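Visitor: Please take a close look at a single part of this protein. I would like one connected account, starting from a side chain and its surroundings.

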Amino acid sequence: MAVCARLCGVGPSRGCRRRQQRRDPAETAAADSEPDTDLEEERIEAGAAELGSECSGRSSSPSPPPRCSLLELPPELLVEIFASLPGTDLPSLAQVCTKFCRILHNDTIWRRRCREEYGVCENLRKLEITGVSCRDVYAKRINPRVKSGRFMKILPDYEHMEYRDVYTCLLHRYRHILGLWQPDIGPYGGLLNVVVDGLFIIGWMYLPPHDPHVDDPMRFKPLFRIHLMERKSATVECMYGHRGPHNGHIQIVKKDEFSTKCNQTEHHRMSGGRQEEFRTWLREEWGRTLEDIFHEHMQELILMKFIYTSQYDNCLTYRRIYLPPSHPDDLIRPGLFKGTYGSHGLEIVMLSFHGKHARVTKITGDPNIPAGQQTVEIDLMHRIQLPNVENLCNFNELSRIVLEAQEQVRQEEQQQEGRTEDGEGSGPPTEVREPGNEGAASLKEEPVQFVLPVGVSSRNENYPRTCRMCFYGTGLIAGHGFTSPERTPGVFILFDEDRFGFIWLELKSFSLYSRVQATFRNADAPSPQAFEEMLKNIQSLTS
């Protein structure tokens, strides 16, 4: 029976069990006292032993495979195994035995966890050997304004630091603030990206390019940094102002929300007083001086923004935002875009798709339409076919087409409400066809020439002259302070994968949007429901 178990690998065969079941207790006791073999089993075992002897030449009978404990593995193999485990599991592993605890002090394990989980590629041992690496790390990631003579006074002492300290005291401790955030700055909002950059965690504030250059790359400046000045101690420093890093504080308020506080606000002040601070802010924010701005209303908006945002230079609260999920049938890839908004300059928006509709949500805002509000909604079921270029130049012709689409949408909504009240359900979607333009609702891409109608203003005249398709949409307009908000009809124009536009019919204005060309880590929503909930939260804060 034992041979049967060894040959099968799982235990006695069915025939062996049946023989056991047919025996009475006396036979079973007698069988237990006899060797558990028979002639056939002995012949099979002898044949296997002879075959093994011919193959190995060293043994006359097969031996069972050796059973090796994890404790018996060589240390270098255990290091490789432990380095492949998540860093959060290693403290529990260290409590198993003294040997595991000793091996987990190997810095190779923690260096690999820092690299694979947080993207840390710097070598601690090279940083204190070559001073150039220290300068590069500081100049690139920390504060380019500080002169080189102060480098070694500010940089941490990496000579006595270990990757285990970097992982446990810096990366793991502050992992919850990594990703995209929207600061609570009243109607203005913002976009903060907290990343692991080298051996630091840095909060970069992303700023749109200077108006009206919507295709230019994003600008960014550091607001705070976290790093290890010594073992077991992470230091938070505020980067606001022009006098170098200074003492700050970070508090994780609750899930998906944290706040920063500056403990030395005197570093934010300039010797020339508020006037110098305003002119410096104006050059950084708008790329120009006040004398270059001739529009009086625009001057008032700029001064109002400076006064309002200056109140938040010592304490800010941030709420997490997610990038929109994408689907293969989306019109274009969703994501972040920069858009022109008249006298308010360039603002950051988020394009997302929701079944039959697409939404453009403000990440940064203004006193009229604050951050978090849905600035544009596109009806993907109502495609508009633009007239030829000659007729498109006539604003009245474009207005007629859009208003006809608006009326058709209104009638369909009334029919939908009637079917719902009668309990008939929603029914299939209605295909929209513009009069005289059969097949205008299909999604077949036929690039056509595009030009803005006469009388429609645009901050950027360098817009594309061909478009792929157009849809009926509505834009949100309101008075100062988000008073009397209402949705007005307009046209969504898709130019290419990275650019789209919107014509505000009532305002006779055109907004051009260009994709933010940046890669963001830790910014994906855990689920579509979490993304929808995030949109509702940021909208409710400014409603």
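Guide: A polar atom of the histidine 246 side chain lies 3.0 Å from the backbone oxygen of glycine 244. Histidine 246 sits in strand S6 (residues 246-254); helices (H or I, at least four residues) and strands (E, at least two) are DSSP runs numbered from the N terminus. The model is predicted: local features need pLDDT of at least 70, side-chain atom pairs count only at pLDDT 80 or more, and totals for chains, interfaces and linings use all residues. Residues are numbered from 1 along each chain as its sequence is written, and side-chain values use heavy atoms, with hydrogens and water left out.

Histidine 246 is buried, at a relative accessible area of 3%. Buried means under 20% relative accessible area, exposed over 50%, partly exposed in between (1.4 Å probe, protein chains only). Leaving aside residues up to four places away in sequence, histidine 246 touches Val236, Glu237, Cys238, Tyr240, Cys262, Gln264, His267 and His268. A contact here means heavy atoms within 4.5 Å.

Now the wider setting. The protein chain has 17 helices and 19 strands. Of its 543 residues, 45% are buried. Among contacts with a separation of 6 or more, 59% join residues 24 or more positions apart.

Just after H13, glycine 287 takes a positive phi of about 70°.

Notes
A polar contact is a pair of N or O atoms within 3.5 Å; within protein, one must be able to donate a hydrogen and the other to accept it, and residues adjacent in sequence count only if both atoms are side-chain atoms.
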